[in-house]
Amino acid sequence: MPSYATDTILAQGAGQEHDPTGAIVSPIHLATTFLRPVEGDPSTEWSYSRYGYPGLEQPEATLKTLEGAADCRLFSSGMSAMTAVIMALRPGDHCLFPIDMYHGLRTWLHAHSNHWGMRIDHVDMTDPDKVRAAMIPGVTRLVWLETPSNPHWHVYDIASLAGIAHRAGAKLVVDNTVATPILTQPISLGADIVVHSATKYLNGHSDVLAGAALTAADDDFWKRVALNRDYHGGILNQFQAFMLLRGMRTLHLRIARSCESAMALANALQGHPGLREVFYPGLPTHPGHALAARQMAGGFGGMLSIVVAGGEGEAKRILTRTRLWKPATSLGGVESLIERRGAVEGPCSHVDPGLLRLSVGIEATADLIDDLLAALSPAN
């Protein structure tokens, strides 16, 4: 296949051949089983849809090309993809995770590690020295990070952390959900595994539940990840795969718009008297700004968080005052969402009770700014 720009790859769906009927959109194959010899291996690559089916290969090929990966597997959710990677480890393995990370994975991780015999530690990954000190050579098998991180949008040095992990015999896994391959390609920076909640930006329309895992090398560890998908039943279904590919075809356009609006919004909010902090890596005042400028290309993402000066009560009031910003969990859709993160995470959350997480959609930038500034006004 010729080398094309990212925009072309996405618009064309990785350049796969179209259906023999001449349809320019690939059909949905609902079959769960396929013809095979009376005994032995099937005569085609398809046998049973829990292992794969026609229609899955195109979105997987598209994402594999974008991430520069050796292989890709799509899953029924982001959690399914992430847990398949972690369950490829062995009892007794030691793993490092960031302090600031997706709460759903943290919750599952602590429950799983208790009975699986895994050893886990949470480390401030903005400081590579702390990560280096926490490594146990020959025992630490996995270092996991997400950058920018949820919900404070810390930026972690992928190349530096990959070197630390590899010198200790560990793999580096990067959750690339927020940056997407449009802004960051972790494998090119040394990551071994990349995961996505494809529900978010990759699909981008708040109507598909999906996940993805990709690998830099088709090695034994990856084979265990793939086995987990096949035998735990975590494969993405046919209609969702079709919808995911449809969503990815405009990924570059949506990311560009949300980055542009998020940057404008962060600038408009910085210094607002009703706020104590604005977290966005595009701001020069953000501690990870210089790293983000080197590691991310084309923007700083569509996610930011604000800490309301009036605390939890005032944050709740703001949620009732926005008109365009919809109070809902999730991120990466075409519509802008707002949530008080502490309420979602519950009593064990490390997040300030007054923190509001903002997912910037593709509405008119000025409308989004005006709506939020009006909600922040004490007169409302």
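We'll start with the sheet, move to the helices beside it, and end with charged and aromatic side chains.

Keep in mind that this is a predicted model. The place to begin is an open sheet of 7 strands, which runs in the order 1-7-6-5-4-2-3 and has mixed pairing. Strand 1 and strand 3 sit at the edges, each pairing on one side only. Going from one strand to the next, the twist averages 20 degrees. As a reminder, strands of a sheet pair through backbone hydrogen bonds, either parallel or antiparallel.

You can find both kinds here. Strand 1 (residues 71-75) and strand 7 run antiparallel and are joined by 5 bridges; look for leucine 74, which stands opposite alanine 212 in strand 7. Strand 6 (residues 193-196) is also antiparallel to strand 7, with 4 bridges between them, and there valine 194 has leucine 214 as its bridge partner. For a parallel pair, go to strand 4 and strand 5 (residues 171-175), which share 5 bridges. In that pair, leucine 145 faces valine 174 in strand 5.

Is strand 7 mostly covered or mostly open? Strand 7 (residues 211-215) is mostly covered, with 5 of its 5 residues buried. Gly211, Ala213 and Thr215 point one way while Ala212 and Leu214 point the other way, and all are buried.

Now for the helices. Helix 8 (residues 220-232) lies across strands 1, 4, 5, 6 and 7, and runs at about 25 degrees to strand 1. Helix 4 packs on the sheet too, touching strand 2, strand 3 and strand 4, and its direction makes about 150 degrees with that of strand 3.

Helix 4 (residues 103-116) is worth a quick check on its geometry. Just past the helix, glycine 117 takes a positive phi of about 80 degrees.

On to the charges. Side chains of opposite charge can pair when their charged atoms come close, and a search of the whole structure turns up 15 salt bridges. One of them joins lysine 130 and aspartate 124, at 3.8 Å from N to O. Both partners are partly exposed: lysine 130 has a relative accessible area of 43%, and aspartate 124 comes in at 26%.

Another links glutamate 314 and arginine 317 at 2.8 Å, N to O. These two both lie in helix 12 (residues 311-321), 3 residues apart, about one turn of the helix. An α-helix has 3.6 residues a turn, so residues three or four places apart point the same way. Glutamate 314 is partly exposed at 24% relative accessibility.

Where do you find a buried pair? Glutamate 339 and arginine 341 form a salt bridge with their closest N and O atoms 2.5 Å apart. Glutamate 339 counts as buried because its relative accessibility is 4%, and arginine 341 is buried at 4% as well. Salt bridges that share partners tie Glu339, Arg341, Glu345 and Arg357 into one network.

Last stop, the rings. There are 3 aromatic pairs, and ring pairs link Tyr48, Tyr51 and Tyr231 into a cluster.

Note on methods:
Residues are numbered from 1 along each chain as its sequence is written. This is a predicted model: local features need pLDDT of at least 70, side-chain atom pairs count only at pLDDT 80 or more; totals for chains, interfaces and linings use all residues. Side-chain values use heavy atoms; hydrogens and water are left out. Rings of Phe, Tyr and Trp (its six-membered ring) pair if their centres lie within 6.5 Å; planes under 30 degrees apart count as stacked, over 60 as edge-to-face and the rest as tilted. A salt bridge is a side-chain nitrogen of Lys or Arg within 4 Å of a carboxyl oxygen of Asp or Glu. Buried means under 20% relative accessible area, exposed over 50%, partly exposed in between (1.4 Å probe, protein chains only). Two strands pair if DSSP finds at least two bridges between them. Axes are lines fitted to C-alpha atoms, for helices over the stretch in contact, and angles run from 0 to 180 degrees between N-to-C directions. Contact means heavy atoms within 4.5 Å.
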